[in-house]
Amino acid sequence: MDIKLLIPLFNDEVAPRFDLATDVLLVKIRSTGEYDERIVVLPQASADDLCALATSDNAHTIICGGIDNEHYQYLIWKGIKVLDNVIGPVKIILKAHKAGTITAGSNFYSF
Amino acid sequence: MKNENSYLVSGLLNQQFLLPDLLDEIPVGIAILDVNGKIKIVNHTWQTITGAEPGSITGLKCMLGLRCDYCFKGCPIMSGKTDFDAIATDADIIDRSRIKIPIRLTISPLFSNDKKLSGFVETIQDIRQVAELSSSASKAYSLGGLVGTSPQMVKVFSMIPSIAGTDSSVLITGETGTGKDVLAEALHNASDRAGSPFIKVNCGALPETLLESELFGHVKGAFTGAHENRPGRIKLAHNGSFFLTEIGDLPLALQVKLLSFLDDKEIYPLGSSKGFKANVRIIVATHRDLKQMVLDKTFRADLLFRLNVVHLHLPPLRERGEDILLLKNHFLKEYCTKFNKKIRGFTKKAAKILLGYHFPGNVRELRNVVEYAVNFCDRDCIGAEHLPAYLTEQDILRPVIESAKVSSELPPQKEYSPAESWDHAEKRMIIEALIKNGGRKADAAKSLGWSRSTFWRKMNKHAING
């Protein structure tokens with residue numbers, strides 16, 4: 001069964017704020033292990049719209065930066081797994097997801 | 001990882017010391033950023049406010065550590081500007097425990113001796129308490145549900161405590177929807193009778209026969225259907241306040257009985273010869289012109305004199321200027337809480353429409369408009385399209401209002417003739433104040449609650465030469 005990821009974007013990295021992201025990366029992970037990526041541009045930054053997108057698109061997991069508790073709890077209640085406080089470029093994050101090494105609070109910048 | 005010696009400060013005191021030690025003693029969140037906007041060092045307070053571990057954010061772009069909305073709203077560092085003056089702004093962050101915190105943010109560039117940009121210093125302060133205080137401070141413009149900052153309302157607010165302290169009868173006048181009932185209740189709540197009943201009767205809501213029994217009560221067998229003794233509303237208000245709204249609709253026969261009660265404070269229930277001494281404070285309200293009604297012989301002059309001990313007039317909303325803005329925000333907050341919606345405010349166009357509308361239904365109408373808009377708004381700001389259509393198509397309603405005026409049995413109040421808009425009302429207020437004060441601008445400004453400069457500016461605005 002396909003799994004869907006939703007990652008709010010700021011340029012090519014995870015948006016630091018869930019509620020201020022206008023670009024969203026939707027990833028469909030096929031049962032074969034392939035990652036199909038699609039970017040959606042929202043007309044305006046809105047945490048409510050992002051939540052609506054996540055539920056209507058049947059997202060399984062959201063990987064994001066800072067998210068306020070109200071929207072976090074709502075997504076959890078909707079059965080969506082939220083990995084928040086994640087920092088890093090999307091490419092590395094997707095690799096980490098494939099490898100199963102990503103958790104909430106992961107920082108993928110090396111100094 | 002930087003060596004501790006990288007942060008040694010020399011030359012300031014007799015001995016060298018470490019910069020982090022100094023920064024940690026300052027009760028304001030401080031971050032030092034390099035020329036690329038990357039975090040070099042943060043103090044304890046910064047960590048406490050953001051919840052970030054210092055090791056995990058050093059070397060990161062500031063926006064990844066701070067997660068502030070200002071980062072996305074024109075922060076000069078994020079947009080790569082190097083030449084800007086210090087900035088101070090209110091913003092918000094989301095901390096590591098997912099709490100949105102309002103902050104006061106300042107950003108200043110740091111320059112070396114040879115005037116080259118060396119980095120930036122950023123300070124943050126948690127202003128949650130200030131935000132709470134300011135929201136309670138906004139209540140300073142309200143009293144018992146009445147909200148306003150206009151000079152007329154401030155005058156009413158200042159009168160309430162002293163009036164509440166007495167037992168004198170109060171007559172409240174004002175157009176429909178101006179808040180007469182709210183003011184009556186505020187008077188009761190501010191008085192010593194606050195713990196006792198506040199009984200309200202609408203004189204226009206009941207037919208004459210029922211109204212008498214409602215006010216004064218009846219005894220069993222007093223009339224057909226009087227199967228038991230019933231205390232009147234005045235008796236129920238014993239030791240409290242009795243509020244008669246729409247007193248102008250009180251039938252003449254009952255006016256006599258009310259006058260008699262006001263004189264000896266004793267009520268006689270229908271069919272009873274035994275009186276009851278009621279200790280009540282009478283507050284009455286009307287939207288009608290009682291003086292005109294006395295001339296028309298539909299209201300007793302002696303009752304008017306008896307009731308008109310203290311007279312409070314509530315101005316119509318269109319004469320309260322900026323109060324419209326205050327009230328629309330007040331009602332927006334109220335209905336957002338009630339309907340669990342997150343609406344930040346009104347668009348400029350919507351605010352302009354509201355400010356330009358003449359509100360014949362006054363505060364009540366404004367409240368209904370905001371309730372409607374909150375119901376229909378699906379964005380974070382109420383736009384013109386969320387307002388009731390009649391606000392933008394006023395001509396549709398005008399014939400209805402005009403015909404209502406024509407069909408009204410009584411002429412409108414002469415004392416407070418309706419103004420077309422706030423501008424019109426403001427101009428009239430200035431001219432009236434000047435006439436009242438014999439042309440003395442300082443006194444006229446004082447009577448309106450404005451400073452001399454504001455008064456002068458408004459005189460110029462309306463091209464009044466004094």
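How are α18(B) and α19(B) oriented to each other? In this predicted model, the axes of helix α18 (residues 422–436) of chain B and helix α19 (residues 441–448) of chain B come within 8 Å and cross at roughly 125°. Angles of 65 to 115 degrees count as roughly perpendicular and those over 145 as roughly antiparallel; α18(B) and α19(B) are therefore oblique to each other. The crossing of α18(B) past α19(B) is right-handed. On the α18(B) side, the contact is formed by B:Met429, B:Ile430, B:Ala433 and B:Leu434, which meet B:Lys441, B:Ala444, B:Ser447 and B:Leu448 of α19(B). This contact has six nonpolar residues, one polar and one charged.

Two cavities of 30 Å³ or more were counted. The largest cavity has a volume of about 50 Å³ and is lined by B:Cys62, B:Leu66, B:Cys68, B:Tyr70, B:Cys71, B:Cys75, B:Met78, B:Leu105, B:Ile107 and B:Glu122. Two elements of chain B, α4 (62–66) and β6 (100–111), each give two or more residues to this lining. By class, the lining of the largest cavity comprises nine nonpolar residues, no polar and one charged.

The second largest cavity holds about 30 Å³ of space. Its lining includes A:Val14, A:Ala15, A:Pro16, A:Gly65, A:Val86 and A:Ile87 from chain A, together with B:Leu64 and B:Arg67 from chain B. The residues lining the second largest cavity divide into six nonpolar, one polar and one charged.

How values were computed. Residues numbered from 1 in each chain as written. Chains lettered and ligands numbered in written order. Predicted model: local features only at pLDDT ≥ 70, side-chain atom pairs only at ≥ 80, totals over all residues. Heavy atoms only, no water. Axes fitted to C-alpha atoms, helices over the stretch in contact; angles between N-to-C directions. Helix = DSSP H or I, 4+ residues; strand = E, 2+ residues; numbered from the N terminus. Parallel < 35°, antiparallel > 145°, perpendicular 65-115°, else oblique. Left-handed = near helix turned anticlockwise from the far one by under 90°. Contact = heavy atoms within 4.5 Å. Nonpolar A, V, L, I, M, F, W, Y, C, P; charged D, E, K, R; others polar. 1 Å grid on protein atoms, 1.4 Å probe; cavity = no way out; pocket = protein on both sides within 12 Å on 5 of 7 lines; lining within 4 Å. Points joined across faces, edges and corners; volume = space filled by probe spheres on them.
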